[in-house]
Amino acid sequence: MTDLDQLTQSLARNLKRWRGERGFTLDTLAARAGVSRGMIIQIEQARTNPSVGTTVKLADALGVSITTLLDYEQGSPVRLVPADQAVRLWSTEAGSATTLLVGTEARGPLELWSWRLMPGDGSRSDPHPEGTVELLHVTTGTLTLVVADTPYAVAAGTSATFEAHHPHAYRNEGTEPVELTMAVSIPPVR
């Protein structure tokens, strides 16, 4: 199965799932998204690969991110996204490109962090409030991410997301500095 086939299958499965969870009929989703009923049927049957614009309209109409519609489902509280599974949304012959590295459905305050961990260094974090999600992308070195006492090796070029209400830590067990960008999504106070 090619990457495009896998993406088409994921989109079909996720669109059906979210339309069902929202209780939307085909006609309701078509009206909300401004996309024809026939196009939605073709997408849900994995018979077509819609444009980025159509996918964004559907995501907006469902109230989810485009990442959620394109994501390969995984069951762990930690999701690693290797570079070859990141979704390239567009590119030009001149070399411009956008790549969706990782995303989440979390709502509330959002923080963006830049980290640098020298060899042998680490940082431990107490659990955050329920619903807090962290997303990270390693650009240099290999990060050892520990969530709920389980270590995950996150190599340069790999992205990850995890539920941060678990105890977690970041360690550099290698011989070169680790650099990463991290976003933290905190649930709104109720």
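Keep in mind that the model is predicted, so local features need pLDDT of at least 70 and side-chain atom pairs count only at pLDDT 80 or more, while totals for chains, interfaces and linings use all residues. Residues are numbered from 1 along each chain as its sequence is written, and side-chain values use heavy atoms, with hydrogens and water left out.

Let's begin with the overall picture. The protein chain has 5 helices and 11 strands; these are DSSP runs numbered from the N terminus, with helices being H or I over at least four residues and strands being E over at least two. Of the 190 residues in the protein chain, 38% are buried. Here buried means under 20% relative accessible area, exposed means over 50%, and partly exposed is in between, using a 1.4 Å probe and protein chains only. As for contacts, meaning heavy atoms within 4.5 Å, take those in the protein chain between residues at least 6 apart in sequence: 69% of them join residues at least 24 apart.

Now to the helices. Two packed helices are described by the angle between their axes and the distance between the axes. The axes are lines fitted to C-alpha atoms, for helices over the stretch in contact, and the angles run from 0 to 180 degrees between N-to-C directions. Helix α2 (residues 26-33) packs with helix α3 (residues 37-44) at an angle of about 110°, and their axes are 9 Å apart. That makes α2 roughly perpendicular to α3, a label for angles of 65 to 115 degrees (under 35 is roughly parallel, over 145 roughly antiparallel, and the rest oblique).

Who does the touching? On the α2 side the contact uses Leu26, Asp27, Leu29 and Ala30, and on the α3 side Arg37, Ile40, Ile41 and Glu44. Sorted by class, the contact of α2 with α3 has 5 nonpolar, no polar and 3 charged residues. For the bookkeeping, Ala, Val, Leu, Ile, Met, Phe, Trp, Tyr, Cys and Pro count as nonpolar, Asp, Glu, Lys and Arg as charged, and the others, Gly among them, as polar.

Glu44 counts as buried, at 8% relative accessibility. Leaving out residues up to four places away in sequence, Glu44 touches Ala12, Leu15, Lys16, Arg19 and Leu26.

Back in α2, the buried residues are Leu26, Leu29, Ala30 and Ala33. They cover an arc of only 100° around the axis, which puts them on the same side of α2; the arc is that of the directions from the helix axis to the C-beta atoms. Ala31 and Arg32, on the other side of α2, are exposed. The packing partners of the buried α2 residues are α1 (3-22), α3 and α4 (52-62). After α2 comes Gly34, with a positive phi near 70°.

The axes of α2 and α4 come within 8 Å and cross at roughly 110°. That makes α2 roughly perpendicular to α4, and α2 passes α4 in a right-handed crossing. In this contact, Leu29, Arg32 and Ala33 of α2 meet Lys57, Leu58, Ala61 and Leu62 of α4. The residues of the contact of α2 with α4 divide into 5 nonpolar, no polar and 2 charged.

Helix α4 has its own buried set: Thr54, Thr55, Leu58, Ala59, Ala61 and Leu62. Seen down the axis of α4, these fall within an arc of 165°, so they line one face of the helix. They pack against α1, α2, α3 and α5 (66-70). Following α4 is Gly63, whose phi is positive, near 75°.

On to the strands. Trp113 sits in strand β4 (residues 110-117) and is partly exposed, with a relative accessible area of 42%. Trp113 and Leu180 are 67 residues apart along the chain, yet their C-alpha atoms are separated by 8.3 Å. Not counting residues up to four places away in sequence, Trp113 touches Leu180, Thr181, Met182 and Val184.

Last stop: the loop between β7 (142-147) and β8 (150-155), where Ala148 is placed. Ala148 is not a glycine, but has a positive phi of about 50°. Asp149 is found in the loop between β7 and β8 too, and has a positive phi of about 70° although it is not a glycine. Ala148 counts as partly exposed at 38% relative accessibility, whereas Asp149 counts as exposed at 66%.

Definitions and conventions: Left-handed = near helix turned anticlockwise from the far one by under 90°.
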